[in-house]
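The structure is shown first, and the points follow by topic.

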Amino acid sequence: MFAYALAKGNLFHFNIQLMHIFKQGNTPLFIAACFPFFLNAQNTGNQDLDFVIDETAMLRLVDANGSPASMLNFHLLGPVVPGQGVPSIQAQSSYLQYTSVKGASPDDTRQIDVEIVGGALPSGVQLTVSPSLNGTGTMGTGSPITLTSGNLHGTLITGIKSAYTGDGPGDGALLTYALNFATQNLDAATSGIVTLRYTLSNS
Amino acid sequence: MAIRIGGRFGALLLFAFLPLPFTPIHGQVSVQNGLAQFLTCDGPTQGEIILQNQLETPLTVLLEIDTLLGSKTLFRIPSEITLPPIGRISVPYTWIRPDSMPHGVCVFISCPPKQISTTAEGWAIHTQLRFAVKLYRGCLSEQPEDIIRVNAQFGSHTLSWQNVGDRFWKASVLPMAHVGEPSGPDISLFLVPHMPSVAMQLPQNTQFVLATDEWGRQLGFRFTEYAH
């Protein structure tokens, strides 16, 4: 009873119970019943438990082996037969790994945006980044973004709450990069580096 | 037989056994106390962003400010900071000369860009990562009915909220199938003045919505196909 009252933080309730027993004339019974509690009284106490949960936001980009990936190369080879167009090239991929622990509003939902911040895609060339989400928790919703010389940014993943992708090879949101072009729009002089930036923010 | 190692072979061998110079890996910094914070106008003027370095070496991090509301000259934060190995650090920020007007900045956190060499053939895609931490300071509205505009789209069960006043508004939104019968968990709502509307997806069977703010003031809506 004492332990229960102590655990409930309600010693007043315990005292009421004691008075009730005395009034009934059950003093020996009361002493016998409470003796073990008195013996242990000095070892009993309250302890506050303070939980602190980090409102975590973590993000990295890795390749299929789980190694950090910050560069993808697209080499457009000329056709093997005169008269043909430049053949299409295989899409490449990387994995966006993230851990998110949401908080209360204003940080209860997160998103990942992608934008071109360096270099330029030649006119007529499109780069489509398509996310395929894998992980545990509320990973969000992915939408493919097509980047062109006229469209430099877009929101790739929305509605991220508390979730994690895993950190091993093949874990994470699979990002497929597909380059679409027409031979007549190509200009070898425009070869170069295009810098994509991913931003994790709250929605 | 003596083996003589020198010249170019020796240099090559020496290079092979030397530890590779450390190359910063993008994405090894993280934010540990949220991507948005709000300080009320009658509260403290200082806050912190907690950053963590996952690397076993020090990491330099850049912090850039973009203005969301008001003037960024009223906000101060270090522009660059070095994180200790495998450690976290608190980056303090201050709202200077605070007033009752709404203020907001976005702090972009990133590692310095890597030096990259140009390619001669085709394209190369180089990637960078960054975090955006939104920081707000201002007064909360005690009269939501004067500053809140709500639009409902019945077909998609979407409720759009817009703050057309000069004060922030925080509330907890409870969707209900019937009066007193929740159709889903509470949804926290934070409306920034002068910002585009915020869309909230509701459970399909929602018929009523009850928003309760910090002072217990409530706004209720009936979710019908005529609601606007």
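In this predicted model, A:Arg197 stands opposite B:Gln128, a residue of S9(B). The two strands S12(A) and S9(B) pair in the parallel sense, over 9 bridges.

**Contact between chains A and B**

- Chain A brings 36 residues to the contact, and chain B brings 33 residues.
- On the side of chain A that touches chain B, the elements giving two or more residues are strand S1 (57–62), strand S2 (71–74) and strand S12 (192–202) of chain A.
- S12(A) supplies the largest share of that side, with 11 residues.
- By residue class, the side of chain A that touches chain B divides into 17 nonpolar, 12 polar and 7 charged residues.

**Nonpolar core**

- The largest nonpolar core has 69 residues, and the members that touch the most other members are B:Val31, B:Ile109, B:Phe131, B:Val133 and B:Leu191.
- Strand S9 of chain B (residues 123–138) gives the most to this core, with 9 residues.
- S9(B) is also the strand that pairs with S12(A).
- Which residues are in contact with B:Val31, leaving aside its neighbours within four places in sequence? They are A:Ala57 from chain A, and B:Ile49, B:Leu51, B:Ile109, B:Phe131 and B:Val133 from chain B.
- As general background, nonpolar side chains in soluble globular proteins tend to be buried together.

**A loop residue of chain A**

- A:Ala120 lies in the loop between strand S4 (110–118) and strand S5 (126–132) of chain A.
- Is A:Ala120 buried or partly exposed? A:Ala120 is partly exposed, because 13 other C-beta atoms lie within 10 Å, and a residue needs 20 or more to be buried and 12 or fewer to be exposed.
- A:Ala120 and A:Val194 are 74 residues apart in sequence, and their C-alpha atoms are 5.9 Å apart in space.

**Domains of chain B**

- Chain B is divided into domain 1 (24–113 + 128–138) and domain 2 (144–222).
- Taken over C-alpha atoms, the centres of domain 1 and domain 2 of chain B are separated by 29 Å.
- In chain B, 6 residues of domain 1 are in contact with 7 residues of domain 2.
- The side of domain 1 of chain B that touches domain 2 of chain B has 4 nonpolar, 2 polar and no charged residues.

Terms used: Residues numbered from 1 in each chain as written. Chains lettered and ligands numbered in written order. Predicted model: local features only at pLDDT ≥ 70, side-chain atom pairs only at ≥ 80, totals over all residues. Core = buried A, V, L, I, M, F, W, Y, C linked by C-beta atoms within 7 Å. Helix = DSSP H or I, 4+ residues; strand = E, 2+ residues; numbered from the N terminus. Contact = placed C-beta atoms within 7 Å. Nonpolar A, V, L, I, M, F, W, Y, C, P; charged D, E, K, R; others polar. Pairing = 2+ DSSP bridges. Domains from an automatic or database assignment.
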